[in-house]
Amino acid sequence: MSLKNDKFPSSAAFDAINSALTGSEADRKDAIKQGNAVFAFVLKNAAGETDQWHIDLKNKGEVGKGLGDKPTVTLSLSDADFAGLVAGTANAQRLFMSGKLKVKGDVMKATKLDPILKKAQTKAKL
């Protein structure tokens with residue numbers, strides 16, 4: 001099942017993150033140990049539409065559609081900014097400080113997401 005939504009080009013990254021997590025049991029357990037949270041993403045595309053995904057690094061170590069079960073932290077940003085984060089061309093702190101990235105919930109947990117996004121960088125072709 002693909003998590004990609006054609007209206008959100010960066011959503012292909014969720015498939016890449018999922019394949020990084022499901023690729024090996026060791027990687028999945030390592031990601032759960034590092035993350036220990038449910039990360040929800042609300043992306044807004046150029047047309048103003050929104051869609052939601054989550055990365056569960058608390059229980060299952062998988063990626064899915066929707067906000068997931070009781071997200072620890074919810075990140076809201078544009079599709080283009082998310083693509084930049086995954087590609088490594090955007091800085092999460094700068095996006096946050098400029099108001100382009102909104103964080104609800106445990107802000108400190110959001111900092112644990114960086115190594116997981118880095119795994120996707122090597123697999124995602126955005």
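## Paired strands

Strand S1 (residues 38-44) pairs with S2 in the antiparallel sense over seven bridges. Pairing requires that DSSP find at least two bridges between two strands; strands (E, at least two residues) and helices (H or I, at least four) are DSSP runs, numbered from the N terminus. Val 42 has Gln 52 in S2 as its bridge partner. Five residues lie between S1 and S2 in their hairpin, and Gly 48 in the turn has a positive phi of about 90°.

S2 also pairs with strand S3 (residues 62-65) in the antiparallel sense, over four bridges. Ile 55 stands opposite Val 63 in S3. In this second hairpin, also with five residues between the strands, Gly 61 takes a positive phi near 70°.

## Burial

The model is predicted: local features need pLDDT of at least 70 and side-chain atom pairs pLDDT 80 or more, while totals for chains, interfaces and linings use all residues. Residues are numbered from 1 along each chain as its sequence is written, and side-chain values use heavy atoms, without hydrogens and water.

Strand S2 (residues 50-56) is largely enclosed by the rest of the structure, because five of its seven residues are buried (under 20% relative accessible area, with exposed over 50% and partly exposed in between; 1.4 Å probe, protein chains only). In helix H3 (residues 79-87), the buried residues include Phe 82, Leu 85 and Val 86. Just after H3, Gly 88 takes a positive phi of about 85°.
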